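Work through the following exercises with the sequence and the model side by side. Try each task before you read its solution.

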Amino acid sequence: IQEYQQTYFGFILETNYGMNWPYTPFTEKTLIPFITKTIPLIFAQKNVDKQLHELGFWTANNDFGYQQYDELETDDIERVQKYIEMVNTVTDMTDKQIHEYYFDNYNHIYQNWKLLTDIFKIGKTTI
């Protein structure tokens, strides 16, 4: 978590549970950028990014042209290549561009944090 708090982007390679998993399959790897207020770029099973958005979470995947790749089969090479392209696009950005992108999307980043903390009552005392 300390490393995430020192960066703007979180590149998430989520666990693959197989296509027969009946739930939206994600682990703490996906939740860490939400709680640390970093920009999530997620590589996960087919339609996970779409399902996260349906749950109210935001990822930067769509901003980098990933939406149609999320619908491809999990092991489709085009999905892998597109994710690599997204990583390369971010790493080619200047510090100024990254900073501007972060603050242009801070409302989404904050909403991820707020939704996660509300769901898990993080930082709140409960009996």
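**Exercise 1.** At what angle do helix 1 and helix 6 pack, and how far apart are their axes?

*Solution.* Begin with the ground rules: this is a predicted model, in which local features need pLDDT of at least 70 and side-chain atom pairs count only at pLDDT 80 or more, while totals for chains, interfaces and linings use all residues. Residues are numbered from 1 along each chain as its sequence is written, and side-chain values use heavy atoms, with hydrogens and water left out.

Step 1: find the elements, remembering that helices (H or I, at least four residues) and strands (E, at least two) are DSSP runs, numbered from the N terminus. Helix 1 covers residues 28–35, and helix 6 covers 106–120.

Step 2: describe the pair, since two packed helices are described by the angle between their axes and the distance between the axes. Axes are lines fitted to C-alpha atoms, for helices over the stretch in contact, and angles run from 0 to 180 degrees between N-to-C directions. Helix 1 and helix 6 pack at about 115°, and their axes are 8 Å apart.

Step 3: list who touches whom, where contact means heavy atoms within 4.5 Å. Helix 1 contributes L31, F34 and I35, and helix 6 contributes N112, W113, L116, T117 and F120.

Step 4: sort these residues by class, counting Ala, Val, Leu, Ile, Met, Phe, Trp, Tyr, Cys and Pro as nonpolar, Asp, Glu, Lys and Arg as charged, and the others, Gly among them, as polar. The contact of helix 1 with helix 6 then has 6 nonpolar, 2 polar and no charged residues.

**Exercise 2.** Which residues of helix 1 are buried, and what covers them?

*Solution.* Step 1: apply the cut-offs, by which buried means under 20% relative accessible area, exposed over 50%, and partly exposed in between (1.4 Å probe, protein chains only). The buried residues of helix 1 are T30, L31, I32, P33 and F34.

Step 1: look for the cover, which includes strand 1 (9–13), strand 2 (39–43), helix 2 (48–54) and helix 6.

Step 2: examine T30, which has a relative accessible area of 0% and is therefore buried. Beyond its neighbours within four places in sequence, T30 is in contact with I12, E14, I42 and L52. The side chains of T30 and E14 are also joined by a polar contact of 2.5 Å, a polar contact being a pair of N or O atoms within 3.5 Å, where within protein one must be able to donate a hydrogen and the other to accept it, and residues adjacent in sequence count only if both atoms are side-chain atoms.

Step 3: move to T27, in the loop between strand 1 and helix 1, which is buried because its relative accessible area is 11%. T27 touches E14, T15 and Y17, not counting residues up to four places away in sequence.

**Exercise 3.** Which residues of the largest nonpolar core touch the most other members?

*Solution.* Step 1: define the set, a nonpolar core being buried Ala, Val, Leu, Ile, Met, Phe, Trp, Tyr and Cys residues joined through side-chain atoms within 4.5 Å. Among the 17 residues of the largest one, F9, I39, L41, A60, F64 and Y101 touch the most other members.

Step 1: trace the core to its elements, where strand 2, helix 4 (77–91) and helix 5 each give two or more residues.

Step 2: note that another core, of 10 residues, lies apart from it and has I12, F34, L52 and L116 among its members.

Step 3: finish with F57, in the loop between helix 2 and helix 3 (67–70), which is buried because its relative accessible area is 5%. Leaving out residues up to four places away in sequence, F57 touches F34, L52, N112, L115, L116 and I119.
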